[in-house]
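Dear colleague,

Please find below the structure I am handing over to you. My notes on selected residues and salt bridges follow it.

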Amino acid sequence: MSQTLIPLAVPELGEEEWQAVREPLFSGWVVQGPKTLAFEKAFAQEHGVSHALATTSCTTALHLALLALGIGPGDEVIVPSFTWVATANAVLYCGATPILADVDPVSFLTTPEEFLKRLTPRTKAVVPVHLFGLCVDVMALRAVLPPDVRIVEDAACAAGGQVQGQSPGGLGDVAAFSFHPRKSITTGEGGMVTTNDDALASKVAILRNHGLNPAAGKQPPHYMPPVDDLGYNYRMTDIQAAVGLVQLGKLNRFIDTRAAGARRYAEGLAGINWLTLPSEPQGGRHAWQAYVVSVDPSLTPVGRDGIMDLLAAQGIQTRPGTQAVHMLGYYADRFGYRPEDLPGAQAAAANSMALPLHTRMSDDDYSRVIAALKDIG
C-alpha cells in the first residue's frame, strides 16, 4: 500500500487570501494600484528599509536593481556559482559579465575572501545570495570591498531573516526578494526591490513601468509622462499584492513554524554520521526557506542521488539544494568553466539535499522523514 506523499514544499493559502482578492476584483483595479502600494509600504516597514517596489518576480527585481545601478556592457558582477541560475542570468540581461565565485560547501554561502579574489578594475557590483534563508554577513563584506563596488543582495529566500540583528534588504545598496510558492510567503509569482537610496528607488520605479517618468515633466495627470529610459513591464498586479499583504501578516508565524520543524530535524537526524545539518546563525535569524543538508558520499554507499531515490520510493519528496551555475551547459559552453574550477559549488551541487519543510507538515511527517533517513544506515 502506497504512503501519503510528503511534498517538499506547500504554500499556506486559504480563506483569508481568497477573501483578500475580492476587493481588487470587484473594484476593477486589478493592475498595480492601491493594494500594491499598501503591500510595498508594509514590506518596507517589516524589513526596516525606506523603499520597497513590487515586481513580477525576483528575477525581474534583480534585473531592475542592476539596471538602476547602471550595470551594462563591459562591467563585471561577481555572483556565487551555487545559486538559482536567475542570479547570474540577470547580469547577462544587462549586457554585463557574471564572474562566478565559489562557496563554502558547509554553509553554501560565498565568503568575503571569495568575492575579493575575483575583483578586477571592471567589477561594478557583487551579489551575495542569502541562500535557503541563511543571511550573508553583508556588513563584513562591505568592510573589505572597495567603496565604489556596489552590493546587490539576492534575498530571494530571506524574507524575515536577520544577520547581526538587522534584516536583509537594506544591508547592501539594493536587494531583491521572491514570492514564489517555495518561499516563506507567496503571491504566486512576484518579487520586491528594496533600498534605502532614494535615487535608486526612483530609477527602479521608472524602469519597471515602461520607462515612464511622471516626475520629469510635472504635467497634469491627463498628459502622458515622458520616456527617457528603455523600460520594462515588470509591475505586480493588485490581485497578487492583496494576497501578499495577507501573507506578510503571517510571515513571523510561518518562520517560527519552519524553525520548529528545523529543530525537529536537528534532534532526529543528529546521529547520522553521513549527514551535515544546517545550523542557526549566531546573532541572527534563519528564515528557513528550505532545510538543506549535505550528504558525505564517502560514508554512504548509495550517495545523495541514491538516497533521494530511496526516499521517493517512500513518498518523500526531496531535491538538490540548487544549481552549480558554472556546471550548467550554457555557462560552461559560453565561459569555458569546468566542474573542478569551483570545487565548493561542485560539491554542493553533488551532495546537497533539501528535505520537506513547510507549515503544513505534521509531526508524523517529520517522523517518517527521519525514520526513512535512519533506515538507510
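Ser352 is found in strand β10 (residues 352-355), where helices (H or I, at least four residues) and strands (E, at least two) are DSSP runs numbered from the N terminus. The model is a predicted one, in which local features need pLDDT of at least 70 and side-chain atom pairs count only at pLDDT 80 or more, while totals for chains, interfaces and linings use all residues. Residues are numbered from 1 along each chain as its sequence is written, and side-chain values use heavy atoms, with hydrogens and water left out.

With a relative accessible area of 0%, Ser352 is buried (buried means under 20% relative accessible area, exposed over 50%, partly exposed in between, with a 1.4 Å probe and protein chains only). A polar atom of its side chain lies 2.9 Å from the backbone nitrogen of Gly321. Not counting residues up to four places away in sequence, Ser352 touches several residues, including Phe82, Phe108, Arg304 and Ala347; contact here means heavy atoms within 4.5 Å.

Arg208 is placed in the loop between α8 (198-207) and α9 (214-217). This arginine is also buried, at a relative accessible area of 6%. Among the residues that Arg208 touches, leaving aside those up to four places away in sequence, are Gln32, Glu40, Tyr232 and Arg235.

Turning to charged pairs, a search of the whole structure finds 17 salt bridges, each defined as a side-chain nitrogen of Lys or Arg within 4 Å of a carboxyl oxygen of Asp or Glu. One of them joins Glu17 to Lys250, with the closest N and O atoms 2.9 Å apart. This pair links distant parts of the chain, 233 residues apart: Glu17 is in helix α1 (residues 15-20), and Lys250 is in the loop between α10 (238-249) and α11 (251-269). Both Glu17 and Lys250 are buried. Together with Glu16, they are linked in a network of salt bridges.

A salt bridge also forms between the side chains of Glu114 and Lys117, at 3.1 Å from N to O. Both residues lie in helix α6 (residues 112-117), three residues apart, which is about one turn of the helix. Glu114 counts as buried because its relative accessibility is 16%, whereas Lys117 is exposed at 59%.

Finally, Asp341 and Arg338 form a salt bridge whose closest N and O atoms are 2.9 Å apart. Asp341 counts as partly exposed at 29% relative accessibility, and Arg338 counts as partly exposed at 48%.

Yours sincerely

Definitions and conventions: A polar contact is a pair of N or O atoms within 3.5 Å; within protein, one must be able to donate a hydrogen and the other to accept it, and residues adjacent in sequence count only if both atoms are side-chain atoms.
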